[in-house]
Amino acid sequence: MKLTLENVRKEYGETVALGRRSDGESRTDGGVTFEVGDGEFFTLVGPSGCGKTTTLRLVAGFDSPSAGIIRFDGRDMRGVPPEDRGVGVVFQNYALFPHLSVAENVAYGLRFSDPPDGAIRDQRVASLLDLVDLSNAGDRDPTELSGGQQQRIALARALAPGPDLLLLDEPMSALDARLRERLRMQIKEIQSTLGITTVYVTHDQEEALAISDRVAVMNDGEVEQIGTPRAVYRHPESRFVAEFVGDNNVFEGTVLDVRPRNAENRTDAAAGSGESPVETKGFGGGSAEPDLAVDVGGVEIRVETSLDVSEGDRVVFCVRPEHMEVRRDENARSDGSNVLDATVVESEFLGDSTRVYLQWRDRELTVRSDDPLDGDVRIDFDAADAHVVERLKK
Amino acid sequence: MSGPTRGNGSSPASDGDSGDSSISDDHDVGSGVLNVPRTDGGSEAEGALSEARSAAATLRRRVEARALTLGAAVTALVLLVVFYYPVATVFVDAVFVEGRLTVEPIVSVLTSRFYLVDIFGFTAYQALLSTIASVLLGLPGAWILSRFEFPGRETLRSLTILPFVMPSIMVAIGFVATFGRNGTLNAVLGALGLPPVELLFTIEAIVIAHAFYNAPLVARVTTAAWESVDASAVETARSLGASPTRAFRDVVLPQLLPAVAIGATLTFVFTFASFPIVLALGGFQLATVEVFIYSRIQNLAYAEAAALAVVETAISVGLTYWYLRYEGRNRGSGQGARPQPRQSLWPDSWTAKATGSRVAIIGYGLVVLAVFVGPIASMVLTSLTGPQGLTLDHYLFLLERQQTGASYQVRPLPAIANSLRFGVGTLLVAVPMGVVVAVLTTREFRGRAAIDTLAMAPFAVSGIVVGLGLLRGLVFGVDAFGTRLQVTGAIAVVAAHAVGAYPFVTRNVAPLLGNLDPRLVESARSLGASRVRALVDIELPLVAAGVVAGAAFVFAISIGEFDSTVVLAEGSTSYTMPVAVERYLGRRLGPATAMGCILLAVTSLSFVIIERFGGRYGGRGGF
Amino acid sequence: MKRRTFLRTVGVGGVAGVAGCVGGNGDGEETDERATSGNGDDTTGTTTGATESSTPELVVSTYGAFVDAPSTSPGPWLKEAFESEFDATLTYATPDSEINYYIERAMRGADIDADVYVGLNVDMLIRIDEQLDDGLFTAVGDISGQGDVKSGLNFDPDGRIVPYDTSYVSIVYNETFDDGDFVAPETFDGLLESEYAGDLLTQNPTGSATGKSFLLHTIDAKGPDGYLDYWEALQANDVRVLSDWATSYANYEDEEAPMVVSYSTDQVYASQSGEDLAKHQIRFLNDQGYAYPEGMSIFEGADDPELAREFLEFVLRPDVQGEIAQRNVAFPATTTAELPEEFAEYAQAPPEAVTFTYDELRDNVSEWTDAWERQFASK
């Protein structure tokens, strides 16, 4: 099933929960628009209050949009109550019916529609319990189960009537980290086995990147960027996305100089990091891109961009920690085009690497290192690894 | 988004998977591959039978989808027909005098020092004292009923409903016999060598009588809340170092306060409109506003009566609104998954604390004996006493009246049968009404408290005004489309009882519904349940305690109701037990008290029976 | 929770014109005759002819205790006796709000389905005349037995209402108080003596017939300008004004106080149930009793006015008057009533009966009671 949102807005009285909040918008503009393809695993990710759960509730039919249209396979869902939408919903707090047994919970949806595969109800319940690996739990009281087990029951219950669309609202938030990772794998596998269109809501960007076919990063009631996890990670289109998705170092400065640059370097840089070509528009590599000199707090940093930038513009750009190389030896020659001298503030050992927080001038930077560091360090990065996310014309 | 989980009583013991051997907890995807696509109907393979079945299902869904709206519409219609319209026919006299719109009657009440200061002032004062007394007398009862285990506890709780059905004349008789100059209390005090007390014809007598009626109400609602306190919350507080007293104050008390508040609010509203117990025990120098409303209506001085009633109602409605705003802000923290264990009334060891609390219980028991048992026992005694001492004459009179009474006379058996029939009928109407209103007003929307208040208004309007309104609005009927529409007899009685009783269901159910996790309903609906199915399948079983508690009040209100019944049963054989009590009042009190005792016996028996059933169905917090 | 309307007990409140009927019976007859016939024609078409095929039905509306008191009530006997002599069915209606029920119906344009009302008093009549432009009742005209009604009991100047019995409101006292020495005072002023502090129980004048009669009696005794002062003194002497007769009588029987305002027929009941008559002594203050006659009348729209008139004549017959008086425990309205000797033994009549006339009450009674309420309740 294909899900489409067209300019969807939600307001509670004067408060805009979903849609652009700036003044001067007509009520039908500035809403949320996106499309989820058949069988796609689509994630809405963003901080608290960004509108992602509101979006999910509108899709489920628990609330009605103030403006805009939601379509299921092209059908306008306006006025269709939740029970007639064919959606399965899993909530963060499981919302199992405490007065019904596990099996009765799973069977509840089958009171209103026949099992989709023509099976009899008991078989359907048994096969779903089997699917979530809780075959023996049918007679149990849901409150006797652990959180992870309850969440799997909630998933089985949501899937039992054979919904066309699965909606998951922060399903892992109440679980501990390790369980979360195991359960999200399980969900992903079940989802791809069933091929069910899924909208997943989370505030955890790492989870979003790990599980999704595509993600929509939401902020302040609006969709900031939609793309595959890789595209969003590599080519954030706004300062918010750059800062929200993954660790990042964000700089802001004034363009001192714009120089044309040959295509060869650019291609090398992309090939050198072993990454596949990016799909986001405006970043088709190969063409000659300008090389910028940017003044960041008095230090000149070189940055590549395909955007149309002129001297005197202010730009925001970011560099991922993994693209910053640390030189213990201050005198060592730097390979990259940019060199920064910074002081170690703290190191976090992550197992496979170490995350190092540095003080550079008046800001904090994050880099990755194989070894623990302390004292003063020199870091460098290539201009091609700096990604311009915003520019303000002079 | 990532806020704390809302308590819905289903939180697991731990979030990590427990070492539960019976349930596999490995995390590979199950092998069973499911056939996914939902058949959305219209598959060609489907036969005519399944088409017909799906058509029937569609119809059922359509009906169900509108069931709640329909329920709300029916509730609104019933309220309109047997409450708002009738009351309006009386209130209109306050603003329409001789066909002219005027504010004169209301202004003259509001500018009268006599009415405003002497009457409304005193009415509010005695209501306040009565409320305080009812809370003070009710809370220890709640404590004992909810925290102690003893034989007959359930039955005792059932019997706390009795004051609700006591006709005021019976209470007056019982109080005189108990608290009078020659009453039982003074006899006991005299035997103990203590000086006698003069309670009758004082405000204290009124306050105690009001506590007699309303302390059980406070006790019942507080008991239900107390039994819902989750033991683990208290244990957590204790484990964090809180003393038992501190744990009570920090954990238990906040969960009791909303219940105490509703009990206190209702007590104030009821005692604010109290009549005629005030005159019977206090005398006319302690007259309340309702005395004057009655007097003006009796003399057909409708403008003044209506103006007084409008002001009275405005005060009660204002208070109700204020309470409902408070209730809306202070939803409790949900039902406990596990109630606190009860203590035995006979402690295992007589520590200082255990001894102290047992002494307190005994002291409270003596107060209960005086305030509740005394008057009721006196009434029973009166029914068994003649000029020559003990006699069954009064009961024999009832027997004789049953056997030889003429059709136009009131006979006991039809009165009993009618009372029970109306009680059951009222349950069937009032419980759905109360639940519908609770569901509607649990949702957050602008003006929620105002709608809720309108739905509560039957508590706030003078019974005398409602009675007159029913006479005008229903008994006389309305000319419409060339015919005179009238509503009288059994159906009208049940409807009027339901209107007067359903707010009890709403008030018992709404806070519990408000505590339920809204995602339970949303889950059910996304699984295909209509709103009303989600209500029946999910919400009602989870708030059964509140439904049953409300139903108990409904039944009792119906059994005890007099004002509307006597108006609507006019000229028919629909009289009830309280009407029979009134009819049997004569030169001697015996026959009326005998009928009053039968009223109490029938009510007690009903409640003990319902308790067995309701206790099974509704669990704790019910009868 | 339960706010019940007041209970009526032995009778309904009322007062009668002791000063006698203000002439004009003759005038009344003429007009009323016309009205009756006119209405008769008028109503035949509109009312239900349910009893057409069988015997005619006479609907008599009255107060509950008239047909259904637990001790004795005249209703059942009256129905039986009437039906045995007339080819008619007597049906009782007992609306809880009594005559107000019919005033309300008339004001709201609803049909009135009763033919006769039994149990009217002067208060009710004043209310009817104040609220309704057209009378609720028709003049009864010349019926046999009307001439036998005691002078002074007629309280309707327009001849619509015929008295059928009367009571006298007095003090009932318990001489076993004070170790058997208790004697009630003989005058109103005596009630103010400090030895009678807290000794008198009476009733709310707006809710009870006896209470209202007692208030009117004090107005008669102390004058419209003096009664409030008298009551101030009475209140200072701890008089108890309770809600209704039943409550105050219950207090009296529990010996909370030695005096209660009640009826002068008190000993009839006491002797019937074998009580100690020392506890049921009668005192007529100032040697007066406040008369309280009850009357009956025919509704304007009566189906069969002739049958209704026959019923009224029947009630006034000497033998029927005697029976009603005994069964209603009241005095007959006619001078010709046949009563057994014993009746006078326990039913005491006052040396002097007092009451206000219809006109006096119509002009003043609201004002008097309002002023009393405001003074008494604000203390």
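Predicted model: local features only at pLDDT ≥ 70, side-chain atom pairs only at ≥ 80, totals over all residues.
Visitor: At what angle do the axes of α13 and α17 of chain B cross?
Guide: Roughly 135°. The axes of α13(B), residues 302–329, and α17(B), residues 448–460, come within 9 Å. Axes are lines fitted to C-alpha atoms, for helices over the stretch in contact, and angles run from 0 to 180 degrees between N-to-C directions. Helices (H or I, at least four residues) and strands (E, at least two) are DSSP runs, numbered from the N terminus.

Visitor: Is the crossing left-handed or right-handed?
Guide: The crossing of α13(B) and α17(B) is right-handed. That term applies if the near helix is turned clockwise from the far one by less than a right angle, and left-handed if anticlockwise.

Visitor: Which residues in α13(B) and α17(B) meet?
Guide: From α13(B), they include B:Thr313, B:Val317, B:Tyr321 and B:Arg325. Among those in α17(B) are B:Arg448, B:Asp452 and B:Met456. Contact is when two C-beta atoms, placed from the backbone, lie within 7 Å. By class, the α13(B)–α17(B) contact has seven nonpolar, five polar and three charged residues. Ala, Val, Leu, Ile, Met, Phe, Trp, Tyr, Cys and Pro count as nonpolar, Asp, Glu, Lys and Arg as charged, and the others, Gly among them, as polar.

Visitor: How do α9 and α10 of chain B cross?
Guide: At roughly 140°, with axes that come within 9 Å. The α9(B)–α10(B) crossing is right-handed. B:Ala233, B:Val234, B:Ala237 and B:Arg238 in α9(B) meet B:Ala247, B:Asp250, B:Val251 and B:Val252 in α10(B). The contact of α9(B) with α10(B) has six nonpolar, no polar and two charged residues.

Visitor: Now sheets. What is the strand order in the open sheet of chain A?
Guide: β14-β13-β12-β15-β21, with antiparallel pairing. Two strands pair if DSSP finds at least two bridges between them. The edge strands are β14(A), 299–304, and β21(A), 387–392. Neighbouring strands are turned by 40° against each other on average, direction ignored.

Visitor: How many bridges join β12(A) to β15(A)?
Guide: Six. A:Thr254 has A:Arg314 in β15(A) as its bridge partner.

Visitor: How many residues of chain B are in contact with chain C?
Guide: 64, with 56 residues of chain C. α6(B) gives the largest share of chain B's side, six residues. That side divides into 37 nonpolar, 17 polar and ten charged.

Visitor: What domains does chain C have?
Guide: Domain 1 (25–166 + 292–346) and domain 2 (168–290 + 367–371). Domain bounds come from an automatic or database domain assignment. The centres of these two domains of chain C, taken over C-alpha atoms, are 31 Å apart. Their contact takes five residues from domain 1 of chain C and ten from domain 2 of chain C.

Visitor: And what domains does chain A have?
Guide: Domain 1 (3–242) and domain 2 (247–392). Their contact takes nine residues from domain 1 of chain A and eleven from domain 2 of chain A. The domain 1 side divides into three nonpolar, three polar and three charged.

Conventions: Residues numbered from 1 in each chain as written. Chains lettered and ligands numbered in written order.
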